[in-house]
Structure formats: C-alpha cells, structure tokens
Amino acid sequence: AGVALHWNGAKWSASATGTSVALDAVWGSASNDVWMVGASGTVGHFDGTSWTATTLGSYELRSVYGTSKSDVWAVGDGFATWHFDGSSWSSRTAPIPGLRSIWARAMDDAWAVGDAGIVHWDGSAWTASPSGTTAPLYGVWGADATHVWAVGINGPTGETLLTWDGSAWTSQAGDGGAGGLLYAVSGSSGS
C-alpha cells in the first residue's frame, strides 16, 4: 500500500508516495501534476519530483479526475466531494453518499456515480440526476456534454449500462458478457 508505479517509456519503477494507506485512483494533467486518492481521505500530489500527501476528511476517497491543474475533483464515501482550484481543496456536499467515480468536462460540468445514483455539478451545486436504475454504479466517463456513460452491476441483463444524451439517462442493453460486473468505462470519442 502507498506505492505508485511510474512508466518511463521502457520500464515500471516504484515511487514512494509519502503515505502507507491503500490507494484507489490516480489522475494527472501533466507529468508534473499527478493526483492520487485513497483510504482515510488521503490525497497525494506529484509535482514531477516527489509526492506530498495530505488528508481531506476521514472517508475513503475512491476517484479523482480533473480538467486542468486548477480544476480537480475527488469523491468517495460519505456525502463530501472535494474540489481543488489550483491552490487549495474545498468541500462540496453531494445529495447522495458513497460516490465511486467522477468525470469532469469543464468547471461547470462534472458527473459522479455511486451506490445511490448519479449526481451532476453545474458550477455551483451538485444535484441528483434521475437515471431509472437503483443498481450500484461504479464508473462514469464522457466524450462531451451529450455523450456520457455510466456503468455498474445488477442490470436487466447483468450489467448496468446508461447513456446521457444531454437531457436524460437511457438504459442500454448489455449482453451479459461482463458477468454482471462493470466497474469502469473509458473511451476516446462519442461514437
């Protein structure tokens, strides 16, 4: 626990992170701006030379994502979400607890998913976004404002697959090939 691995183009090497807790997620905007989150509210930052770790609250942080060095989000257990504005972290309360994944397109457009549904950040507040499912959601990713995907477990065919078209969430049929378990989603375009 507490170790990050770095790929230098030829091999992986361990990098001490300044923490001994379990780490859950990593995101970076550049080689000198990498963030990690994990147990006990741990947040770490790599500045290109070394890691520094701090604690935000006491809940496990499960996901980190941003759009730039001055727009980084961290979410996890409890109702708190955290936002980094380039100089400090501030807490923003979500209307549901237990968030597992976050994706942001802009400072006024971020989505987070978790055990109790989907929330959207509009630049000033988080609001619940009805999705038509009660299944736990584990991953969210988007290509743009009208192509966002959320995935989870226990859908009609096993997996839960949802798409956002800019106005509503729609359930998509899976083929059961993932065994009912989808924990992450990512892509490169909306098609």
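Biologist: What makes strand 9 and strand 10 a pair, and in which sense do they run?

Modeller: This is a predicted model, in which local features need pLDDT of at least 70, side-chain atom pairs count only at pLDDT 80 or more, and totals for chains, interfaces and linings use all residues. Residues are numbered from 1 along each chain as its sequence is written, and side-chain values use heavy atoms, with hydrogens and water left out. Two strands pair if DSSP finds at least two bridges between them; strand 9 (residues 80–84) and strand 10 have five, in the antiparallel sense. Strands are DSSP runs of E of at least two residues, numbered from the N terminus. Within this pairing, histidine 83 stands opposite serine 90 in strand 10.

Biologist: How do you know that strand 7 and strand 8 pair?

Modeller: Six bridges join strand 7 and strand 8 (residues 71–76) in the antiparallel sense, and the rule asks for at least two. Valine 64 has alanine 74 in strand 8 as its bridge partner.

Biologist: Why are strand 7 and strand 10 said to stand at the edges?

Modeller: The open sheet has four strands in the order 7-8-9-10, with antiparallel pairing. Strand 7 (61–68) and strand 10 (89–93) each have a single partner strand, so one side of each lacks a neighbour in the sheet. From one strand to the next, the twist averages 25 degrees.

Biologist: Why is the pair of tryptophan 121 and tryptophan 126 called tilted?

Modeller: Rings of Phe, Tyr and Trp (its six-membered ring) pair if their centres lie within 6.5 Å; planes under 30 degrees apart count as stacked, over 60 as edge-to-face and the rest as tilted. By this rule there are 14 aromatic pairs. For tryptophan 121 and tryptophan 126 the centres are 5.6 Å apart and the planes stand at 55 degrees, so the pair is tilted.

Biologist: What makes the pair of tryptophan 141 and tryptophan 149 stacked or tilted?

Modeller: Their ring centres lie 5.7 Å apart and their planes are at 20 degrees, so this pair is stacked. Ring pairs also link Trp35, Phe84 and Trp89 into a cluster.

Biologist: How do you know whether tryptophan 141 is buried or exposed, and what of tryptophan 149?

Modeller: Buried means under 20% relative accessible area, exposed over 50%, and partly exposed in between (1.4 Å probe, protein chains only). Tryptophan 141, at 11%, therefore counts as buried, whereas tryptophan 149, at 25%, counts as partly exposed. Tryptophan 121 is buried at 4%, and tryptophan 126 is buried at 6%.

Biologist: What is known of the volume and lining of the largest pocket?

Modeller: On a 1 Å grid over the protein atoms alone, a pocket is an open set of points where a 1.4 Å probe fits, with protein on both sides within 12 Å along at least five of seven lines; lining residues have an atom within 4 Å of a point. The volume, which is the space filled by probe spheres set on the points, is about 340 Å³ for the largest pocket. Of its 16 lining residues, Ala4, Leu5, Val26, Val34 and Trp51 are the closest to its centre. Strand 3 gives the most to this lining, with six residues.

Methods:
Axes fitted to C-alpha atoms, helices over the stretch in contact; angles between N-to-C directions.
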